[in-house]
Amino acid sequence: MTKPEMQQKEEPVHIGWLIITLMLLCICAYLTILMTLGKPIARYKAQKSENILQGCLYDTGDRSKYGPIVRINDDEHRSVIADMMIKEFPASSKSRFFDFNLNKLNSSHCYKIRYIIVDFNIFTDSVYFRQYFIYDYDEY
């Protein structure tokens, strides 16, 4: 082969690399949506009363600098209360008092709350892609 022929010959694009790249981009986009759109979706869902559920909030006994780590309705997924708060919801004005009381009581006590679930599960029912947001405390 001569030099001009070598320059014109291009490597074939491998379809496998294109598929892997596309899948990685989709996963990155999905995780970005999961991390940034939870609270705006919860605000939107709060406009309809049928999206606000009633349940129990349990203290897990774990602590962080952002407050106690809790679970809702004995779900396996644990979250920090600060991550579950949205400043436009009624619970945000009560959260300081609630954190104080939660530190004094044990994990078997059911704190009555109203909450919203934002579920990002597409193909599976995993607790890791479900976010809980506390709408209001019924008992504090």
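In the predicted model, D75 and R130 form a salt bridge whose closest N and O atoms are 3.5 Å apart. D75 lies in the loop between β2 (67-72) and β3, whereas R130 belongs to strand β5, so the pair ties together parts of the chain that are 55 residues apart in sequence. Both partners, D75 and R130, are buried.

This contact belongs to a set of five salt bridges found in a search of the whole structure. In another of them, the side chains of R43 and E88 meet at 2.8 Å, N to O. Here R43 is placed in helix α3 (residues 38-45) and E88 in the loop between β3 (79-80) and α4 (91-104), so that distant parts of the chain, 45 residues apart, are linked. R43 counts as partly exposed because its relative accessibility is 34%, and E88, at 46%, is likewise assigned to the partly exposed class.

A salt bridge is also formed by K94 and D136, with the closest N and O atoms 2.9 Å apart. Since K94 lies in helix α4 and D136 in strand β5, this pair ties together parts that are 42 residues apart in sequence. K94 and D136 are both buried. Through shared partners, salt bridges join K94, R114, D136 and D138 into one network.

Two aromatic pairs are present in the structure. One of them, formed by Y115 and Y132, is tilted, with a centre-to-centre distance of 5.9 Å and an angle of 55 degrees between the planes. Y115 is located in strand β4 (residues 111-119) and Y132 in strand β5 (residues 130-137), so the pair ties together parts separated by 17 residues in sequence. The relative accessibility of Y115 is 5%, and this residue therefore counts as buried; Y132, at 10%, is also classed as buried.

Apart from neighbours within four places in sequence, Q131 is in contact with L34, G38, I116, I117, V118 and F120. The C-alpha atoms of Q131 and S79 are 8.8 Å apart in space, although the two residues are 52 positions apart in sequence.

In strand β1 (residues 53-64), T60 has a relative accessibility of 14% and therefore counts as buried. A polar atom of the T60 side chain lies 2.6 Å from the backbone oxygen of I69. I69 is also among the residues touched by T60 when those up to four places away in sequence are not counted, together with V70, R71 and R78.

At the level of the whole chain, the secondary structure comprises four helices and five strands, arranged along the sequence in the pattern α-α-α-β-β-β-α-β-β. The chain has 140 residues, of which 35% count as buried. Among contacts with a sequence separation of 6 or more, 61% are accounted for by residues 24 or more positions apart. The accessible surface of the chain amounts to about 9,800 Å², and carbon and sulfur atoms contribute 59% of this area.

How values were computed. Residues are numbered from 1 along each chain as its sequence is written. This is a predicted model: local features need pLDDT of at least 70, side-chain atom pairs count only at pLDDT 80 or more; totals for chains, interfaces and linings use all residues. Side-chain values use heavy atoms; hydrogens and water are left out. Helices (H or I, at least four residues) and strands (E, at least two) are DSSP runs, numbered from the N terminus. Buried means under 20% relative accessible area, exposed over 50%, partly exposed in between (1.4 Å probe, protein chains only). A polar contact is a pair of N or O atoms within 3.5 Å; within protein, one must be able to donate a hydrogen and the other to accept it, and residues adjacent in sequence count only if both atoms are side-chain atoms. Contact means heavy atoms within 4.5 Å. Rings of Phe, Tyr and Trp (its six-membered ring) pair if their centres lie within 6.5 Å; planes under 30 degrees apart count as stacked, over 60 as edge-to-face and the rest as tilted. Accessible areas come from the Shrake-Rupley method with a 1.4 Å probe; for residues, only the protein chains shown count as cover. A salt bridge is a side-chain nitrogen of Lys or Arg within 4 Å of a carboxyl oxygen of Asp or Glu.
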